Amino acid sequence: MIEVVDLWKSYGKNQILSGMNLQIHEGEILVIVGRSGVGKSVLLRHIIGIEKPDKGYIDVDGVRISELSKTGLYKAVKDMGMLFQGAALFDSMNIFENTAFYLRQHGNPKTKEPYTEEEIKDKVFTALKMVSLDGQEKKLPSDLSGGMRKRAGLARLIVYRPRILLYDEPTTGLDPITAQQINELIVQVQEELKGTSVVVTHDLHSALYMADRIALHRDGKIDHLEEPKTFLNIEDPLICFLKDSLLHHPSGRKL
Ligand SMILES: Nc1ncnc2c1ncn2[C@@H]1O[C@H](COP(=O)(O)OP(=O)(O)O)[C@@H](O)[C@H]1O
Ligand SMILES: [Mg+2]
């Protein structure tokens, strides 16, 4: 379980998180929606521990992530992975090496030994197959389309089988069909890894497709946190606005 408790964060005079509370249950897909610039990426960076709060804390399975030093964090986040906005692949590495990166860096968490080249190959090919990029491993990120780059980012994430998966706007900038492939992959990965996923998106269509619960991030806090059906019926201008965008969604999904 992930527990965000009374979390505060500002950058200069810019107050971003203002006493945020949020509990994310084991095994769920929690989707966070909110306006651009509200602090959704900032929240994810706190959950994975790469930003520290001014006040408050975050516990992940009882470990106080928000107070760990660099070395403590390095150990703790082995079970966590984040798909950053824009996938953040290493441009000079081909898809195989990108996917193998964390395996080479961390080695086998059970034996504490480095993985053998055979083991790495095996894991990388399994991950690439899962995102349908098998056969593309020699290509550079610049050879891939936007959707393929996202999938490569996803392969790099799932290759070490983290249990907690954070996705920052995984479908932004993708065409609707590719976006839906990514949505389906996120659900598939969740089931395969028996994970807990937190997905930031401003696409309500994606949210409804995958969410167990949807949270609205507003004014530095979580304003609503409901199952999709209940969430849609909240009388709130922002939620109505998001719902409107659904009516114009190319999938033609009706409410
Ligand atoms: N490292 C940083 N230094 C200064 N300001 C930041 C930093 N990270 C984020 N911000 C600011 O915090 C606000 C929220 O950013 P972000 O979390 O990226 O929003 P979004 O909800 O769109 O993901 C923005 O105004 C952004 O400029
Ligand atoms: Mg963001």
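**Close-up views of the predicted model**

**View 1. Lys112 in the loop between H3 and H4.** With a relative accessibility of 69%, above the 50% cut-off, Lys112 is classed as exposed. The model shown here and in every other view is predicted. Lys112 belongs to the loop that lies between helices H3 and H4. Its phi is positive, at about 65°, although Lys112 is not a glycine.

**View 2. The hairpin of S9 and S10.** Strand S9 (residues 213–218) is paired with strand S10 (residues 221–226) in the antiparallel sense, over 5 bridges. One of the residues in this pairing is His217, whose bridge partner in S10 is Ile222. With a relative accessibility of 63%, Asp219 counts as exposed.

**View 3. The open sheet S2-S1-S4-S5.** This sheet is built from 4 strands with antiparallel pairing. Strand S2 (14–24) and strand S5 (63–64) stand at the edges; each has a single partner strand, so one side of each is left without a neighbour in the sheet. Strand S1 (residues 2–11) pairs with strand S4 (residues 55–60) over 5 bridges, in the antiparallel sense. Within S4, Asp59 is the bridge partner of Glu3. Helix H1 (residues 40–47) lies across S1, S2 and S4, and runs at about 125° to S1.

**View 4. Arg64 and the ring of Tyr57.** The charged end of Arg64 is placed over the ring of Tyr57, at 3.6 Å from the ring centre.

**View 5. Aromatic residues, including the pair Phe96 and Phe125.** The model contains 4 aromatic pairs. In the pair made by Phe96 and Phe125, the ring centres are 5.8 Å apart and the planes are at 55°, so the pair is tilted. Phe96 lies in helix H3 (residues 95–106) and Phe125 in helix H4; the pair therefore ties together parts that are 29 residues apart in sequence. Phe96 is buried, with a relative accessible area of 11%, whereas Phe125 is partly exposed, at 32% relative accessibility. One aromatic cluster is formed by Phe90, Phe101, Tyr102 and Tyr160.

**View 6. Gln136 in the loop between H4 and H5.** The loop that holds Gln136 lies between helix H4 (117–130) and helix H5 (146–158). The relative accessibility of Gln136 is 18%, below the 20% cut-off, and Gln136 therefore counts as buried. Apart from neighbours within four places in sequence, Gln136 is in contact with Ile95 and Met148.

**View 7. Helix H6 and the elements that cover its buried residues.** Helix H6 (residues 176–193) comprises 18 residues. The distance from its first C-alpha to its last is 26 Å, close to the 26 Å expected at 1.5 Å a residue. Buried residues of H6 include Thr178, Ala179, Gln180, Ile182 and Asn183. Also buried in this helix are Leu185, Ile186, Val187, Val189, Gln190 and Leu193. Among the elements covering the buried residues of H6 are strand S3 (29–33), strand S7 (164–168) and strand S8 (196–200). The cover also includes H4, H5 and helix H7 (204–210).

Conventions. Residues numbered from 1 in each chain as written. Chains lettered and ligands numbered in written order. Predicted model: local features only at pLDDT ≥ 70, side-chain atom pairs only at ≥ 80, totals over all residues. Heavy atoms only, no water. Pairing = 2+ DSSP bridges. Helix = DSSP H or I, 4+ residues; strand = E, 2+ residues; numbered from the N terminus. Contact = heavy atoms within 4.5 Å. Axes fitted to C-alpha atoms, helices over the stretch in contact; angles between N-to-C directions. Buried < 20%, exposed > 50% of the residue type's maximum accessible area, 1.4 Å probe, protein only. Phe/Tyr/Trp six-rings, centres within 6.5 Å; stacked < 30°, edge-to-face > 60°. Lys NZ or Arg CZ within 6 Å of the ring centre and 35° of its normal. Expected span 1.5 Å × (residues − 1).
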